[in-house]
Amino acid sequence: MSTDKLITTEELAARLKMAAEGIKKQPGLMRSSVGYMELLQQYVERIRTAKERGKFVATHGTQQPLEIYEAMDVVGLFNEFWGVISDVVKLESVPEALGISLSTGTPNEVCSFFRNMDGLMHVGKWPRTDAMIYATSSCDNVKAFHTLGRRYGIPDFGMERPYHPFTPRAMAHWREEHLRLIAFLEELTGKKLDYDRLKETMRLS
């Protein structure tokens, strides 16, 4: 099984950096295009260097309290976003990753973002991840995070999102789910959440 076409974290960061430099030379583009590409490159670079900087990495889905991650020195890796930018930067990587995922027994009916992640994880080309975190929804991401966590020996944590999110009862439940997440991250990282730092992170956010 060839893995030559699969994109690595290092290659993704390098290609985004080249793209940002290339956009600077294109006349007529909005200046924000350069800033956006630079932010993409910084996002990937944060993930690429997380372990050497002593940070934990959480691969996560949607509806996530990223401010809590930041306050606890946990670097978030949004799997759908990673799949999109991988597709844009190196299109041939994604079909190959999907093929590898299929060979592991993951059915085609599973969301392609998770099959892409599965293929890259299977050959060690997904960024090193300390936890899989998700929120319940009508998407198959719930089962996929849990299943891939078990397959690759990565702890997973699911937040139970209320069906009717804005009732007083639902808001109280959602608050409890965030407290459960904090407890999970405290156990994972071995450090307590600094609520003053969380307040500052929220202010900046």
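# Briefing: cores, salt bridges and helix packing

E200 counts as partly exposed, its relative accessibility being 36%, where partly exposed is the range between buried, under 20% relative accessible area, and exposed, over 50% (1.4 Å probe, protein chains only). The model is a predicted one, in which local features need pLDDT of at least 70 and side-chain atom pairs count only at pLDDT 80 or more, while totals for chains, interfaces and linings use all residues. Residues are numbered from 1 along each chain as its sequence is written, and side-chain values use heavy atoms, with hydrogens and water left out.

**Salt bridges**

- The whole structure holds 15 salt bridges, a salt bridge being a side-chain nitrogen of Lys or Arg within 4 Å of a carboxyl oxygen of Asp or Glu.
- E200 is the partner of R203 in one of these salt bridges, where the closest N and O atoms are 2.7 Å apart, and both residues belong to helix α9 (residues 195-204), three residues apart, about one turn of the helix. Helices (H or I, at least four residues) and strands (E, at least two) are DSSP runs, numbered from the N terminus.
- R203 has a relative accessible area of 58% and is therefore exposed, whereas E200, at 36%, is partly exposed.
- A salt bridge also joins E45 to R48, with 2.5 Å between the closest N and O atoms; these two residues lie in helix α2, three residues apart, about one turn of the helix.
- E45 is partly exposed because its relative accessible area is 23%, and R48 is partly exposed as well, with a relative accessible area of 30%.
- The salt bridge between E186 and K192 has its closest N and O atoms 3.5 Å apart, and it links a buried residue, E186, with a relative accessible area of 17%, to an exposed one, K192, at 66% relative accessibility.
- A network of salt bridges links K55, D73, K191 and R197.

**Nonpolar cores**

- The largest nonpolar core has 34 residues, of which L12, V44, W82 and M117 touch the most other members; such a core is a set of buried Ala, Val, Leu, Ile, Met, Phe, Trp, Tyr and Cys residues joined through side-chain atoms within 4.5 Å.
- At least two residues of this core come from each of α1 (9-24), α2 (31-48), β2 (74-78), α4 (79-89), α5 (93-103), α6 (112-122), β3 (131-135) and α7 (141-152), and the largest share, six residues, is supplied by α2.
- When neighbours within four places in sequence are left aside, L12 is in contact with I7, V44, W82, I85, S86 and V89, contact meaning heavy atoms within 4.5 Å.

**Packing of α2 and α4**

- The axes of α2 and α4 come within 12 Å of each other and cross at roughly 120°; axes are lines fitted to C-alpha atoms, for helices over the stretch in contact, with angles running from 0 to 180 degrees between N-to-C directions.
- The two helices α2 and α4 are therefore oblique to each other, since angles under 35 degrees count as roughly parallel, over 145 as roughly antiparallel, 65 to 115 as roughly perpendicular and the rest as oblique.
- Where they meet, α2 brings Y36, L40, Y43, V44 and I47, while α4 brings F81, W82 and I85.

- S101, in helix α5, is buried because its relative accessibility is 0%, and, apart from neighbours within four places in sequence, S101 is in contact with T106, R115, D118 and G119.
- D118, in helix α6, is likewise buried at 0% relative accessibility, and, with neighbours within four places in sequence left aside, D118 is in contact with S101, T104, T106, L148, R151 and Y152.
- D118 and Y163 stand 45 residues apart in sequence and 29 Å apart in space, C-alpha to C-alpha.

**Loop residues with positive phi**

- Q63, placed in the loop between β1 (56-60) and α3 (66-71), has a phi near 55°, a positive value in a residue other than glycine, and Q63 counts as partly exposed at 34% relative accessibility.
- D73, a member of the salt-bridge network with K55, K191 and R197, lies in the loop between α3 and β2 and has a phi near 60°, a positive value in a residue other than glycine.
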